[in-house]
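Subject: A structure to look at

Hello,

Here is the structure I promised to pass on to you. Please open it beside this email, and I will walk you through what turned up.

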Amino acid sequence: MSGRALAKLIGRDSGLISRWENGERRCSPENLEAIIEALEIEGDEAGELLDLADVSSRQQAGQWLAVTLPERRAQMAALLAAERTATAVTHVAPLLIPGVLQTSDVIRTIMVEGGAPENEIDERVAMRIGRRELITRRRPAELDVLLGEAAIRHLIGGRQVMADQLRYLSEMTELPNVEIRIVPFAAGWNAGLSGAFIVFDSDSAPPMVNLELGQSGVILRDPSDIEAYRQAAAAAREKAMSVGASAELIADALTDLEKQK
């Protein structure tokens, strides 16, 4: 059906249809409902289209919660785009080493024990490894990690897997664009204990905050939200050890694992 024919069918201007098609304007959920009805789209296909329109509207509003599968896919695309353009990334991770710093064995363990579909695990592991380009590309992002001590103590995948992970983490601390600071158990409460989050900064795109919430996720773009998470990161940084002391603690944790039989 031509754009002109669709415009006549739903009572809209053909120029507006054209702007929707080429991405100059967003098609609102209300207009999409008119299109779905006019084209007699039904069932799951109609539901997925409406979900995507709802995602687009909430992303525009500055707070984007992804719950459904189409929403999570769209949000992942936005996250990958943020990583491609990022010049600086701050990752507050109280419980788990960030994915960009994980070994393939740890990634696989998390996928398997987290219940990922077996036929998707290899692809997901490869995708996660590919995201290391954030810190290894020709013009890498500056990565500032505030890592809870628990993240280097959990035996994910067993002693050998975790020992390899700590060795790899130590190697990553030697990159000039990567700084890892451990927030020790003795530091007590800090803002990072409320949950992991990532702040993306870019020279070519507005800043963004990503929150991972198990089977859902949230992307924040509102300046007040971003400032709140910058302050939370700063509060965690005040409780963190120095880069050098953090590297020593990682080395000590590795030594403890190697001593165990």
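One term is needed before we start: two residues are in contact when heavy atoms of theirs lie within 4.5 Å. Please also keep in mind that this is a predicted model.

First, the chain as a whole. It holds 12 helices and seven strands, and its C-alpha trace spans about 75 × 40 × 35 Å along the principal axes. Of the 261 residues, 41% count as buried. If you take the contacts between residues at least 6 apart in sequence, 67% of them join residues at least 24 apart.

Which residues of α12 are buried? They are Ser246, Leu249, Ile250, Ala253, Leu254 and Leu257. Looking down the axis of α12, you will find these buried residues within an arc of 140°, so they line one face of the helix. Glu248 and Lys259, on the other side of α12, are exposed. The cover over the buried residues of α12 includes α9 (150–153), α10 (159–172) and β4 (178–183).

That leads us to α10. This helix has 14 residues and reaches 20 Å from its first C-alpha to its last, close to the 20 Å expected at 1.5 Å a residue. Its buried residues are Val161, Met162, Ala163, Gln165, Leu166, Tyr168, Leu169 and Met172. Among the elements that cover them are α6 (104–113), α8, β3 (142–148), α9 and β4.

Next, please turn to helices α1 (residues 3–10) and α3 (residues 29–38), whose axes come within 10 Å and cross at roughly 100°. An angle of 65 to 115 degrees counts as roughly perpendicular, so α1 is roughly perpendicular to α3. Where the two helices meet, Leu6, Leu9 and Ile10 come from α1, while Ala34, Ile35 and Ala38 come from α3. The residues of this contact divide into six nonpolar, no polar and no charged.

Serine 28 sits in the loop between α2 (14–21) and α3. With a relative accessible area of 22%, serine 28 is partly exposed. Its C-alpha atom is separated by 28 Å from that of threonine 85, which is 57 residues away along the chain.

Glutamate 40 is in the loop between α3 and α4 (43–61). Most residues other than glycine have a negative phi. The phi of glutamate 40, however, is positive, near 55°. Is glutamate 40 buried or exposed? Its relative accessibility is 68%, so glutamate 40 counts as exposed.

Arginine 131 belongs to the loop between α7 (121–130) and α8 (133–136). Because its relative accessibility is 15%, arginine 131 counts as buried. What does arginine 131 touch, leaving aside its neighbours within four places in sequence? The residues in contact with arginine 131 are Met76, Leu79, Leu80, Glu83 and Val100.

Enjoy exploring, and do write back with any questions.

Best wishes

Conventions:
Residues numbered from 1 in each chain as written. Predicted model: local features only at pLDDT ≥ 70, side-chain atom pairs only at ≥ 80, totals over all residues. Heavy atoms only, no water. Axes fitted to C-alpha atoms, helices over the stretch in contact; angles between N-to-C directions. Helix = DSSP H or I, 4+ residues; strand = E, 2+ residues; numbered from the N terminus. Parallel < 35°, antiparallel > 145°, perpendicular 65-115°, else oblique. Nonpolar A, V, L, I, M, F, W, Y, C, P; charged D, E, K, R; others polar. Buried < 20%, exposed > 50% of the residue type's maximum accessible area, 1.4 Å probe, protein only. Arc of directions from axis to C-beta. Expected span 1.5 Å × (residues − 1).
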